[in-house]
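Please look through the chain below from its overall layout down to single side chains. The paragraphs that follow take it in that order.

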Amino acid sequence: MASRVLVLLLLLLVYIAVTQQGLPPSSASCCTQLAKRIPKNMLQKVTKVQFQKKDGICSLKAIVLLVENQLKCMDPTNRVLQQWVRRHRPRLQ
């Protein structure tokens, strides 16, 4: 009986350690669709820029913009967005 409790406690500790390290819970934090057009005046409201890589976790490459507490997944091939990111990235990280 005591060994079962010890095993359950050990599994609980491993679960807590893994979730505290910030490992992504599958694709919940990945962009699944990309916007090609940038809505008028949206770039003025961006507070943070992140880059999503196409890797084993996420299936799309994207530029992720934080706009009014919402994440906006943008097409990284958009030239206007690329130029904007080059100019504004240092202040948004």
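From the N terminus on, the elements of the protein chain follow the order α-β-β-β-α. That makes two helices and three strands; helices (H or I, at least four residues) and strands (E, at least two) are DSSP runs, numbered from the N terminus. This is a predicted model, in which local features need pLDDT of at least 70 and side-chain atom pairs count only at pLDDT 80 or more, while totals for chains, interfaces and linings use all residues. Residues are numbered from 1 along each chain as its sequence is written, and side-chain values use heavy atoms, with hydrogens and water left out.

The protein chain has 93 residues, of which 25% count as buried. Buried means under 20% relative accessible area, exposed over 50%, and partly exposed in between (1.4 Å probe, protein chains only). The accessible surface of the protein chain comes to about 7500 Å², and 57% of that belongs to carbon and sulfur atoms. These areas come from the Shrake-Rupley method with a 1.4 Å probe; for residues, only the protein chains shown count as cover. A contact means heavy atoms within 4.5 Å. Among contacts in the protein chain between residues at least 6 apart in sequence, 45% join residues at least 24 apart.

Next comes the interior. A nonpolar core is a set of buried Ala, Val, Leu, Ile, Met, Phe, Trp, Tyr and Cys residues joined through side-chain atoms within 4.5 Å. The largest one has 12 residues in all: Ile-38, Met-42, Leu-43, Val-46, Val-49, Ile-63, Leu-65, Val-67, Met-74, Leu-81, Trp-84 and Val-85. Two or more residues of this core come from each of β1 (46-52), β2 (62-67) and α2.

Gln-52 counts as buried because its relative accessible area is 9%. Its side chain takes part in polar contacts, that is, pairs of N or O atoms within 3.5 Å; within protein, one must be able to donate a hydrogen and the other to accept it, and residues adjacent in sequence count only if both atoms are side-chain atoms. The side chain of Gln-52 reaches the backbone nitrogen of Cys-31 at 2.7 Å. A polar atom of that side chain also lies 2.6 Å from the backbone oxygen of Leu-60. Leaving out residues up to four places away in sequence, Gln-52 touches Ser-29, Cys-30, Cys-31, Cys-58, Leu-60, Lys-61, Ala-62 and Val-64.

How many salt bridges are there? The count comes to two, where a salt bridge is a side-chain nitrogen of Lys or Arg within 4 Å of a carboxyl oxygen of Asp or Glu. In one, the side chains of Lys-36 and Asp-75 meet at 3.0 Å, N to O. This pair links distant parts of the chain, 39 residues apart, with Lys-36 in the loop between α1 (2-20) and β1 and Asp-75 in the loop between β3 and α2. Lys-36 is exposed at 60% relative accessibility, whereas Asp-75 is buried at 8%. Asp-75 sits between β3 (70-74) and α2 (79-88). Apart from neighbours within four places in sequence, Asp-75 is in contact with Leu-34, Ala-35, Lys-36 and Leu-81. Leu-81 is also listed in the largest nonpolar core.

The side chains of Lys-45 and Glu-68 meet in a salt bridge at 3.7 Å, N to O. Lys-45 lies in the loop between α1 and β1 and Glu-68 in the loop between β2 and β3, so the pair ties together parts 23 residues apart in sequence. Lys-45 is partly exposed at 42% relative accessibility, and Glu-68 is exposed at 55%.
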